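Hello,

Here is the structure I said I would pass on. My notes follow below it.

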Amino acid sequence: MASLKQLVRLLRYLRSHALHFLLGLGIVVLMAYTSGVIPVLIKNAIDEGIISGKYHQAIYYALLILLVGVLNGIFSFSGRYLLIKSSQYAVYHLRMDAFKAIQRQEMVFFDKTFSGQLISRITNDTERITRFLSFRIRMFVYSIFLIVVSLYYMLSMNLLLTGVAFFTIGIVVTLNTTYAMKVRPIYDRIRQQTGVIASFATGTIAGIKTIKSLSVEKNVHGNFSKENNELYTLNVSATKITAIYGNAPFLILGIAMSAMFYYGGIAIIRDVLTVGELVAFLTYMLTMTWPLRALGFTIGDIQRSLAAASRLFEVIDSSPHSVDVPDAIELKNPKGKVEFRDVWLTYHTGKTVLKGLNLKIDPGERILITGPPGSGKSSILKILARFYAPEKGEVLLDGVDVRKIKSANLRSIVAYVPQEPFIFNRSIRENIALAKPDATMEEIIEAARRAKIHEFISSLPEGYDTVVGEKGVTLSGGERQRIGLARALLLNPRVLLLDDPVSNLDAQTERKLVEDLQHILRNKTAIIVSQRLSLAKLADRVIHMEDGKIVEEKKNSY
Amino acid sequence: MADKSSLALVKRFLREAIAERKILAIVVVSIIGSALATLFAPYILSIAIDEYIIPGKYHELIPIALLYLLALLAQWLFATLQTFYTEVFGQKVLKNLRAKLHRKILDSNLNFFKDKSTGDLVSRIINDTNVVNDVLLSGLLGGLGSIISLSGIVVAMLFLDVKLTLVTLSSVPIMVLIALYFGGRMRRAYRDTRQKIARISSVVEESVAGIETIKAFNKEKHVEKEFSAASKDTIKAYLRVAIYMGIFWPLMNIASLLSVIVVIGYGGYQAYMGAVSIGIVVAFIQYAQRFRGPINNVVSMYDSLQSALAALERIYDVLDDRGVEEYKGLNVDRLQGRIEFQDVWFEYEKGRAVLRGINLFISPGSKIAIVGKTGAGKTTMANLIMRFYDPTRGKLLYDGIDGREINRRSLRRRIGYVPQETYLFPGTIMENIRIANPEASERDVVEVCKKLGVHEFIMKLPKGYETSAGETGKLLSVGERQLISLARAMLKDPDIVILDEALSSVDPKTERMVQDAMLKLMEGRTSIIIAHRLSITRFVNKVIVVDNGEIVEEGPIENLLLKGGYFYRLYTSQMGESSLIDISGRG
């Protein structure tokens, strides 16, 4: 069975903690036994002590109850601790595997997948699995053994009442399982709808100026109310199910206890049952109320937990085992010669962006690539940085296919500065020193100076220690571009790939940066993609692209 | 905790919540009913044992058994009613609270948003309202039920036997202490796990959003380490919860058993002496096990009150904010489009003037361009015309009427505003354009788009006008989004248009489309362009040059160029480059 396979694979993640896990389960069995024996001890205290007037017997049993209670507490603590610990570590390994798998994925994967989905895999799904391993399994074992122990003692007291209890347990577990299965999907929808409302509100705030300038406040609020009402309705229907199915077991238990009360009373009068035994039966029913619910929820949850596990396994299995081919090599002394040989590239959307590209770039040569959007100019950079693999043809660096070069090596030779560099939610210094964490402050400042961002950084209250992002300073597109550039310059690469490096700059800064780039690019192979011809003075050659092909090429007279 | 302000907060909240009287009445009745019904079962049991079972009154057992059944049925019925109506009541209040907050955000002026992050505001709408519901509504009502059943149990026990009651209650203070000690710690430890999980998700989020950069700079190992550390922190946090819970529940359990033991010990002695009946001892054993739940409820409610108050405060903080736009004043149906700035000063923050004494007359139907460096005050002028803000000093006249006297909404209806960054609402492109004028038909939208030259571009989208804006988020460039914004403005058929040119790079083809559409929209309307590319100044009657909050030059473009001043320098430095762009566009 498929789900059994998933379970086995999941349990295998327990690894070195498997023993803890088993020990924990064993202790839970002991805990179930101690819980199940307490009603019997109370019974004995009543029958042998109180009713028969043997006071010392009553005290004896009272102390015994205390002892069992303490033991129960110790078992409960250690069982819980062991199971939580072992399952937390199991999930830790699982989570790491999934995360590493995501990191190994090709760029195509990220083009196709929403980041929200991945986050949900790694947080929600693993949470669910943890809950399953530590809580659900514990409650399952506990409940089953508690029921077994209880039925065993009941059987020794009275057959008929045990029959009633057995029958009741069956119905209640069924009811609870139904309850769990019915209410879960609604809770999922509630969670989803809450997300809808949150993103709606986010939209209202982000678009407030537009809303106000169009005077559509009423309209927008009307739509919000619709979603808000939907959430309300969902919550009410979840409540309905809880009220009906969730409370029904109490009804069944009530009827069962009344029946026990009646038949037990008769049995006492006929002298086939003692008062203590009747009390024990009633106490058993009360003791089992919550374990029965937990049992129902566990049964209702198994499928979903295993589904969560299989989603994670999918993430892990879908990823390549290694980023590099087995016989990947390292370029010891890179020169920076680049060659594209009949390169074709198609994105997952089905759009073919490079159609048989041929281009040779000598070491130290600087190329400007222009062309309309979608002509494939940025793809040239991405394919050389090996974010995408060509479906046909080869991309060579110093005569070696980039796919055959170890990625760590390739990326220390080739630095790619995207049009919108990603800035991590950390200090500016860390952001610049990304690829070279041991860089000195002087090196960082030097790189920032050359990227024309030093002055801006110095003007910030905390300078290079200013934290960027969410809770820190927000940067404009141009500032981000220049930090991205500084980042690449710090690495001092042989080959520099710049994607529209001046697109977000004002005219003045642009002019200054272009001047500086002339120094920066000296002795480096550089490929620059841009709409702006002002960059032409940087280049030895200007290439114009259209529809995935080079349509014009001219040597620069500079 | 019971200081005056928090008490006032709760009072105010409850006053507002009580609006749902009918449901609240049902809730209260069912709470009381459920508490009472819970008491009766053990009581009936004791009577049955003492007076019917032990004496062997076989025939009278049926009515008392039915009574027992009745008590249990009532318990179920009231519990069901309580579950349902408490939640319905809470959800209703919650819904209203969310709607109120959203409404408030819509009515706030732009100042309101300055010191608030989006995430924080959204969290107030979603999370804080939930906390309030869980603690103040469900919590208070549940706590009320617990207190009623606790006192009910005590009363019932007192009825049966006073001394035994006192002995049984001896475990209550222990339970309260345990709950007090562990309650807060458990909750904090649990909250800590949530934070650790949130940390994991932000690491994942960052590593996915920045994957290109991570790969480009070989940072995989580094990010992995960070993730591993975040993940290990979670384990620690969970183990702490496990320890607290692992101690708490058994302790409560033992305390509860302590009551039972005391009853058996002392009650047994009393029964042995003949002072109490066996039925009473049995009833006490049953009662003794019922303290645990209610005590835990009450204590945890008291404990979480602090966070609920904080949440409530954050909610009222938004609701009471005074940065609201007023929508009073004159309604204007149509404007000629004469705009006048009379010595207008403006500051976003006190003491830092962004506009300093602007005097400007824009005649009806004329086209002007405002140019100047970033931060010169261009966008602020547009903000003032839109009445997103009112001048700190001086006034703005529309057709000779002070803007402060005109209803904001009716004024904005007459102005077509095209911001730099177009916001697209969730929904289709059609809906996004039509939102500007709900009275317009779909055909009107298509017509407007055709007139602006936007139609063909929209038809090229995957589903044409029915393409969802969400999908296009990644598909459309800034310029293309601005085209939609232009169609929106046109559909309003406004008397005044304000165009804020997109700053970031737009490819030449789209740029020309945007420019053509802009010129179409401007025809016959008072038009104000905030120009970043000076090429557009060729099409206006007058150019206004602002620098540092003041108008430094103004006049027709030819005059300004002849003058050879500020504008001339700006123009020549940019045009060299822009003619290059034109060439590349043709190529």
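A polar contact here is a pair of N or O atoms within 3.5 Å, and within protein one of them must be able to donate a hydrogen and the other to accept it. The model is predicted, so please read what follows with that in mind.

By that definition, the side chains of S530(A) and D500(A) make a polar contact, at 3.1 Å. S530(A) lies in the loop that runs between strand 8 (525-529) and strand 9 (541-546) of chain A. Is S530(A) buried or exposed? Its relative accessible area is 0%, so S530(A) counts as buried, the cut-off being under 20%. Leaving out residues up to four places away in sequence, S530(A) touches L368(A), I369(A), T370(A), K377(A), D500(A), V502(A) and L535(A).

Now the interface. In chain A, 128 residues are in contact with 127 residues of chain B. About 11,700 Å² is buried between the two chains, and carbon and sulfur atoms give 72% of that area. Of the area that chain A buries against chain B, 6% is supplied by Q103(A), K212(A) and F261(A), more than by any other three residues.

As for polar links, 30 residue pairs are in polar contact between chain A and chain B, both residues being at pLDDT 80 or more. The rule also finds six salt bridges across this interface. E127(A) and R194(B) form a salt bridge, with 3.2 Å between the closest N and O atoms.

On the side of chain A that touches chain B, helix 3 (residues 55-104) gives the most, with 25 residues. The residues of that side comprise 71 nonpolar, 39 polar and 18 charged.

Regards

Note on methods:
Residues are numbered from 1 along each chain as its sequence is written. Chains are lettered from A and ligands numbered from 1 in the order in which they are written. This is a predicted model: local features need pLDDT of at least 70, side-chain atom pairs count only at pLDDT 80 or more; totals for chains, interfaces and linings use all residues. Side-chain values use heavy atoms; hydrogens and water are left out. Contact means heavy atoms within 4.5 Å. Buried area is the accessible area (1.4 Å probe) that two parts lose on being put together, summed over both. A salt bridge is a side-chain nitrogen of Lys or Arg within 4 Å of a carboxyl oxygen of Asp or Glu. Helices (H or I, at least four residues) and strands (E, at least two) are DSSP runs, numbered from the N terminus. Ala, Val, Leu, Ile, Met, Phe, Trp, Tyr, Cys and Pro count as nonpolar, Asp, Glu, Lys and Arg as charged, and the others, Gly among them, as polar. Buried means under 20% relative accessible area, exposed over 50%, partly exposed in between (1.4 Å probe, protein chains only).
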